[in-house]
Amino acid sequence: MNESAFIRELKENLHKRDFIKIKVLVSHLGQLDTLSQNRFLLELSKIDSEFSIEVLAYMAGTQLGLAIPEAQLFDMLLEKVVEQPESLNKLFRNKEIVNKKLLVELAVEIQPAGIVSALVNYYSETKGTDSRSDLLKALVEIGSGEATRAMSALVSLDDEAAWIPIVTSIGAMETPDAVESLNQLLGQDEELDRTVLQTCYGMQLPLAHRLIVDSLHSPWVSTRKRAKVLINLAPKNYLPHLMNNLSSWDSDFVIQALNMLGDIGDAIGVRPI
């Protein structure tokens, strides 16, 4: 392939913003040597518009066999997207970009307005386990209340295999918002309850421990039993909440707390009483 003719045609189509022809050129880019590929990037870097961002994202998301390191593409995209952050949300809707891994990384780095919605919509559209895992990790890193609530809304009672990583990711946030989102998931399905309680058990927040104690009053026997098992595994984490229940105006709470303290049985449970 004649490099001079290639670069000349590239410049012409960049000027025309002809994405279809640019895609054809990009598909042949791997046939050029490293120097020529970098000349391509140099010409692209001179274009200060959403169009250059779209072309770079397409290159990053397509298997082209390029000699250009992924980190180089990421840095170029980062530099341009920082100037036009709203363009990132649009890229997640672009069907031409098959692999959006670099875009997910950019989302965490820049976090423009509306990015949580863009990530959640993309999660709903994609079926790949690895892609979904990357998206959940990104939402955890963003860590906002909006991200937490959005992840909770992704839980579908029809797809147990999918809800496990979602619930686990919510727990990884270790925030009061995360605990509240987990609380909102309780009471819909017995297996979902089990997953939520197991996630709370792995959290360090006292609010998460409180949620397990509160589950002693679940209408479902399986949920109550699971809560008891988890409390017995690490009783010291739950004693303050059980003790608080002893002073409750609700006699059921008092009786349940006494029974649980009795189940704990040893000096750990007896001494506070």
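Guide: Accessible areas here come from the Shrake-Rupley method with a 1.4 Å probe, and for residues only the protein chains shown count as cover. The accessible surface of this protein comes to about 13,800 Å², and 51% of that belongs to carbon and sulfur atoms.

Visitor: Okay! And what sort of model is this?

Guide: This is a predicted model, where local features need pLDDT of at least 70, side-chain atom pairs count only at pLDDT 80 or more, and totals for chains, interfaces and linings use all residues. Residues are numbered from 1 along each chain as its sequence is written, and side-chain values use heavy atoms, leaving out hydrogens and water.

Visitor: How many helices and strands does the protein have?

Guide: There are 18 helices and zero strands; these are DSSP runs (helices: H or I, at least four residues; strands: E, at least two), numbered from the N terminus.

Visitor: Switching topic: where is Ser169, and is Ser169 buried or exposed?

Guide: Ser169 sits in helix 11. Ser169 counts as buried because its relative accessibility is 13%, and buried means under 20% relative accessible area, exposed over 50%, partly exposed in between (1.4 Å probe, protein chains only).

Visitor: Which residues does Ser169 touch?

Guide: Leaving aside residues up to four places away in sequence, Ser169 touches Leu136, Val140 and Met151. Contact means heavy atoms within 4.5 Å.

Visitor: What about Gln111, what is its phi?

Guide: Phi of Gln111 is near 50 degrees, a positive value in a residue other than glycine. Most residues other than glycine have a negative phi. Gln111 is in the loop between helix 7 (101-110) and helix 8 (115-125).
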